[in-house]
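Please keep the sequence and the model in view while going through the points.

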Amino acid sequence: MVSEESPLLATTAHELIYDRFAPDQKRWILFLVSLAGFLPTFVSSTFVPSIPQIAKDLDSTHADVSLTVSLSILATAVGALVWAAYSSFYGRRSIYLWGMPFLCAGSCGVALSTSLQSLLFWRFVQTFGCAGGVSLGAGVIGDIYKLEERGTAGGVFFGATLLGLAIAPFIGGAASQYWSWRNLHYSIGAWGLLEMLLLYISFPETGHPGTLGIDKLNHRRWIHLTWVNPVSSLWLLRSPNLFAAMFASSLVLISDFVLLVPMAYTVGFRYGITNEAIIGACFLPNGLGNFLGAPFTGRLSDIVVRTWLEKRKGVWYPEDRLRATWVGGMCLVPLSMVASGLLTTYVGGSIGLALNLLCLFTNGVGVNFVLNPIGSYNVDVVHSRSVEVIAACSASRALIVSAATTLIIPSIEHLGVAWTNTIAAVLAVIGQGIVFLTIRYGDRMRASVDVGFSTMENN
């Protein structure tokens, strides 16, 4: 178990594992996994603006087609857990290559759907196929980057995933307005095929030698099938540290959805925007904030780790990385939420719209200040099961955020935009309070429930 007395070793045999890949190859691997991590959020977010057109084509209702959104969240949670569990046995490369065919087949199935039932089925398959992108990518980063480099690489990766959340509605809205939702999903299928070819040609296995389940078998068949419990990774969240980090990041991430989900009813209605493509374009500042903020926050968390290692004379305290969350969790996220709510309520015209877009950008940067260090922290403390812990946190966070999302529109209708945004800001501050307690009592929390925490020697 990790303790405050964990020694810093300058050169160990374990550190040589991170020199298996040259810097250029690491950057290429990071590009590939960032592309794969971009897919889940892109696939889920491009669908929402197309719902009216899909409902019309399938002779269904808006509410019935909207069931695919909830089904997609379920598929994302299930897929993340399944792919993560099997990647610990078969390796990252194999699971990437297994998931992409599901995405390709599901995308073509969605495009060919002529009934609500077939749409629901193929939408589940499509989302399930790409659901491992986030957890697998975070695990790959933990495989190839050292402790003090991990935050920077994670910043690039998480920025790519959150960028998909922001630009996808614009692309989905533009496709719905000027092209065809069916062609959009054919394009996603083609993208998945290209990604699979790139992975097959140039993506190596990054799991540490001898750590995969299949490496430990005495006798292996040419095709070796085994059962791995996909929900076993959820048991990691019995750790107070991991549960607190997951819950705190969920409370902060809710702010993103409070701003983005009701965009047409808040910013769109207030400033007279009815064109779906233009409403989708209003999501772009948030994505730009994610994209620009992610590398900075990742590097900042690495600097914080190195600074506190020096202060502690080489003693590693894992929760030090969480200190990088303060600016985002206490300032950028809550202030941008409150400001956006007040601007939407009281400030009209182009000035109000411009300031609202600035709030969206600030929120994107702020959310990254929290999610990025927490994601890297999870990989740090359970390095040997990094993919599984990211999957468990992502699945749990998806369920929490999806439940909160159902309350956003009713809250705006009953309380108004300003109060709804204020509530989201308070939740973000509460999340940062949980992070503070984790930093303050992290060693005691880890001592209470040991889930196989990493030490400096095996990190």
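1. Threonine 41 belongs to helix 1 (residues 23-47). Helices here are DSSP runs of H or I with at least four residues, numbered from the N terminus. This is a predicted model, in which local features need pLDDT of at least 70 and side-chain atom pairs count only at pLDDT 80 or more, while totals for chains, interfaces and linings use all residues. Residues are numbered from 1 along each chain as its sequence is written, and side-chain values use heavy atoms, leaving out hydrogens and water.

2. Is threonine 41 buried or exposed? Its relative accessible area is 16%, so threonine 41 is buried (buried means under 20%, exposed over 50%, partly exposed in between, with a 1.4 Å probe and protein chains only).

3. The side chain of threonine 41 reaches the backbone oxygen of phenylalanine 38 at 3.1 Å. A polar atom of this side chain also lies 2.6 Å from the backbone oxygen of threonine 161. Leaving aside residues up to four places away in sequence, threonine 41 touches Thr161, Gly164, Leu165 and Ala168 (contact means heavy atoms within 4.5 Å).

4. Helix 9 (residues 181-202) has 22 residues and should span 32 Å at 1.5 Å a residue, which agrees with the 32 Å between its end C-alpha atoms. The expected span is 1.5 Å times one less than the number of residues.

5. Among the buried residues of helix 9 are Trp181, Leu184, Ile188 and Trp191. Seen down the helix axis, the buried residues fall within an arc of 160°, so they line one face of helix 9 (the arc is that of the directions from the axis to the C-beta atoms). On the other side of helix 9, Leu194, Tyr200 and Ile201 are exposed.

Methods: Helix = DSSP H or I, 4+ residues; strand = E, 2+ residues; numbered from the N terminus. Polar contact = N/O pair within 3.5 Å; in protein donor to acceptor, adjacent residues only side chain to side chain.
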